[in-house]
Amino acid sequence: MNWGQLAITVVTLVSILGVVTLVLNMQYGHAGMINFGVVAYFAAGAYTYVLLTQPPPSETSLDQYVIGLDLPGWAGFVGAAIAGLVFAAITGWPTLRLRGEYLALTTFAFAEVFHSFIVNEQRFANGTRGLVGVPRPYREELSFIDYDIALAVASLLFLIIVYVIFERMVRSPYGRALEALRDDELALVTSGKRSRRFRLEIFLFTAPFAAMAGAFYVWYTTLAIPDLFTSEVTFVVWIALVLGGEGSNRGALIGITMVILFEELIRAIPFDTIRAAQIAASLEVAALGLLLIVFLRWQPFASLTRAPKRVARS
Amino acid sequence: MDLLRIEGVSKHFGGLNAVDDCSFTVEEGSLTGLIGPNGAGKSTVFNLISGLYEPESGSIKLDGEELAGRSPDEIAALGVGRTFQTPRSFFTLSCLENLLASIPSRGEHLMSSILGTYRAEEEAATARAKDYLDLVGLGARSDISADELSGGELRMLEVARQLMRNPKILLLDEPTAGVTPTLQVRLAQTLRELHAQGLTVVVVEHNLGFLLDLVERVVVMVSGRVLTDGDPDAIRSDPEVISAYLGRRDGDAA
C-alpha cells in the first residue's frame with residue numbers, strides 16, 4: 001500500500017468535501033435550514049467549470065456537448081462560484097417560505113431535477129457518458145512539483161480560507177442571529193428582524209463555496225460524469241455532519257475526515273478478485289450506516305465538537 | 001397624548017368574530033390593563049397590533065403611524081415590543097445572547113461579521129444587556145442557556161429581551177402565568193419602575209389581584225369588543241364587568 005499516495009488523496013478529498021460539509025453546517029447546523037440538495041451546488045460548480053474551460057466540440061469526435069469556451073482555469077473557477085450563486089438564487093428564492101421537511105423535500109427535488117437534466121441532455125455535457133480526461137489547469141506552471149501534491153495543498157488552503165470565514169461569521173452577531181432564527185423565528189421577527197433576509201443570504205453566500213469545491217473535484221478526478229454527482233454526495237456530507245456534530249464547524253471537519261478516511265482505507269485494501277472488491281464496496285456503505293447509528297446512540301466524541309461559545313459572554 | 005389608537009378593528013376566524021369592531025386608545029406613558037373572560041379577543045388584539053394577524057378592517061396607529069398591513073418585523077422595528085402567553089426565547093443561546101440577538105447590530109451584516117468591525121458596538125450592547133438582566137433579576141444567570149431557565153425566568157427573560165429593544169410600547173401577554181409569587185412582586189416592581197421612566201405598557205392578565213393593583217386604567221373586552229374602560233376601582237365594582245366574568249343570573253336585566 002502506498003501510504004504517501006493515500007495521504008494525498010485523503011487530504012484532497014477531505015478538503016473538497018469538507019467545504020461542502022461546512023456549507024451544509026452553516027445552512028443546517030446554524031440556520032436550521034434542512035438542505036437535502038447540497039450536491040446540486042457541487043455539481044453546478046463542477047459542470048460550469050468544465051463548460052467554461054473545455055475546448056469547443058470538434059467535428060470528428062463523438063462529443064455531443066455544445067458549449068466549450070476554452071477559457072483559462074481561473075475563469076472556470078470564478079464561473080463555478082457564480083453558477084453556485086445562481087443555482088442558490090433559483091432554488092432559494094421560491095423556497096424562502098418553506099420550513100423543515102418541506103424545505104428538505106424541495107431542495108432534494110431541485111437537485112434531482114438538475115441531475116436528471118445532466119443525465120438526459122446530451123448537448124449539455126454528453127449526458128451519462130459525461131466528460132472524461134478533463135485537462136488539469138496550470139500543469140506547466142506547476143511542473144516543478146507533483147500535481148497531486150499541488151492540488152492537495154491548494155484544496156487544503158481553500159478549506160482553511162472557507163473555515164476561517166465561516167468561523168468568523170459564526171462567532172459574530174451574524175452567527176448569533178442565525179442561531180436565533182433556528183431557535184425561534186417568531187421571536188426573532190417580533191424583535192424587529194427580517195428573518196427572510198437571513199434565510200436567503202445564508203443560501204446565497206455559502207452556495208458558491210460548495211460550487212468552487214466542485215471545480216476542485218473536477219481537477220482531482222478529471223471527470224465530469226453524472227455518477228459522481230448523485231444524491232450519495234449529499235448523504236455522505238450529511239452523515240459526516242451528524243457524526244461530527246451539527247452546529248460546530250470543527251465537528252463538521254472531524255466528521256468528514258472520519259468518513260473519507262474510512263472510505264479510502266477500505267479502498268486501499270488490495271482485493272484479489274473483483275467480486276471481493278464489490279462485496280467490500282457494499283459493506284462499506286453498510287458499515288458507514290452502522291457507524292452513524294453508533295455515534296448517534298453514544299456520542300463518543302461529543303466533548304471534542306461541542307459548538308464553541310461566542311466572545312460576547314461575561 | 002394617545003400613543004396607540006385602535007379604531008374599528010375586526011378579525012374573524014371562520015365563523016368566529018375574534019375581534020369585532022374593537023376600538024380603544026392607550027395614552028403615552030400609561031400603564032393599562034386589558035382584561036376579559038377567555039375568548040374575549042385580548043391575545044388576538046395583541047397579535048393584530050404586532051402584525052401576526054392582519055386586521056380585516058379598521059386602523060391601528062402607533063404615534064400616528066399606521067401599523068395595519070405592515071409585516072411583524074417592521075412593526076417591531078417601529079417600536080412595538082411584545083411578549084407571548086407561552087414565552088418565546090432563543091433557547092440554545094445564553095440569557096445575555098438572547099438580549100443581544102434582539103437588537104440590530106452591525107455585526108449582523110456579512111462584511112462586518114467577517115471583518116469583525118462590530119466589537120465596540122458589541123461591548124456597549126453587552127453592558128446594556130447586563131443592566132436589563134439585573135433589572136429583571138436574571139443578572140446571575142446571564143451565561144446560562146435559556147433552555148435551563150424555569151418558566152417564570154423565561155417570562156422575565158422575554159420581558160428583558162423586549163426592554164433591550166427600547167420599544168415605545170410594551171405589550172405583555174399574561175406575564176404572571178407560571179411565575180412564582182416572589183417573582184411576581186419583582187415583576188410588578190420592575191413594571192412600576194419602567195412606568196416611572198415613561199414607558200407605555202399594556203398588560204393582558206387573568207390574575208386580577210395583580211393587575212388591578214398595578215395599572216391605572218383598565219380596558220375590558222367581551223366577545224371581541226370593548227365593554228367598558230375606567231380606573232381599577234370603577235372596574236372592580238362595575239356590575240357589567242362582574243357579570244361578564246361570572247355570567248348573568250337568569251332574570252337579571254341586560
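In what sense, parallel or antiparallel, do S6(B) and S7(B) pair, and over how many bridges? The pairing of S6(B) and S7(B) is parallel and comprises three bridges. The legends below concern a predicted model, in which local features need pLDDT of at least 70, side-chain atom pairs count only at pLDDT 80 or more, and totals for chains, interfaces and linings use all residues. Residues are numbered from 1 along each chain as its sequence is written, while chains are lettered from A and ligands numbered from 1 in the order in which they are written.

**View 1. The six-stranded sheet of chain B.** This open sheet has the strand order S6-S7-S8-S3-S9-S10 and mixed pairing. Strands (E, at least two residues) and helices (H or I, at least four residues) are DSSP runs numbered from the N terminus; two strands pair if DSSP finds at least two bridges between them. At the edges are strand S6 (80–82) and strand S10 (225–230) of chain B, each of which pairs on one side only. From one strand to the next, the twist averages 20 degrees. Axes are lines fitted to C-alpha atoms, for helices over the stretch in contact, and angles run from 0 to 180 degrees between N-to-C directions. Helix H1 (residues 42–49) of chain B lies across strand S3 (31–35), S6, S7, S8 and strand S9 (217–222) of chain B, and runs at about 145 degrees to S7(B). Helix H10 (residues 239–246) of chain B lies across S9 and S10 of chain B, at about 135 degrees to S10(B).

**View 2. Strand S7(B) and its partners.** Strand S7 (residues 169–173) of chain B is joined by five bridges to strand S8 (residues 200–204) of chain B, and the two run parallel. Leu170(B) is the bridge partner of Gly81(B) and also stands opposite Val201(B) in S8(B). Leu172(B) has Val203(B) as its bridge partner in S8(B). Five of the five residues of S7(B) are buried, so the strand is largely enclosed by the rest of the structure. A residue counts as buried if 20 or more other C-beta atoms, placed from the backbone, lie within 10 Å of its own, as exposed if 12 or fewer do, and as partly exposed in between. Ile169(B), Leu171(B) and Asp173(B) point one way from S7(B), and Leu170(B) and Leu172(B) point the other way.

**View 3. The four-stranded sheet of chain B.** An open sheet with antiparallel pairing has the order S2-S1-S4-S5. Strand S2 (16–27) and strand S5 (65–66) of chain B stand at its edges with a single partner strand each, so one side of each has no neighbour in the sheet. Five bridges join strand S1 (residues 2–13) of chain B to strand S4 (residues 57–62) of chain B. Ser10(B) stands opposite Ser57(B) in S4(B). H1(B) lies across S1, S2 and S4 of chain B, running at about 70 degrees to S2(B).

**View 4. The contact between chains A and B.** Residues are in contact if their C-beta atoms, placed from the backbone, lie within 7 Å. By this criterion, 33 residues of chain B are in contact with 26 residues of chain A. Helix H2 (72–77), helix H3 (95–100), helix H4 (110–115) and helix H5 (119–135) of chain B are the elements that give two or more residues to the side of chain B that touches chain A. The largest share of that side, four residues, comes from H2(B).

**View 5. Arg88(B) and its surroundings.** Arg88(B) is found in the loop between S6 and H3 of chain B. This residue is buried, with 22 other C-beta atoms within 10 Å. Not counting residues up to four places away in sequence, Arg88(B) touches Asp184(A), Leu186(A), Ala187(A) and Glu158(B). Arg88(B) and Glu158(B) are 70 residues apart in sequence, and their C-alpha atoms are 6.7 Å apart in space.

**View 6. Helix H3(A) and its cover.** The end C-alpha atoms of helix H3 (residues 73–92) of chain A are 28 Å apart, which agrees with the 28 Å that its 20 residues should span at 1.5 Å a residue; the expected span is 1.5 Å times one less than the number of residues. Among the buried residues of H3(A) are Phe77(A), Ala80(A), Gly84(A) and Phe87(A). The cover over the buried residues includes helix H2 (39–53), helix H4 (100–120) and helix H9 (195–221) of chain A.

Note on methods. Contact = placed C-beta atoms within 7 Å.
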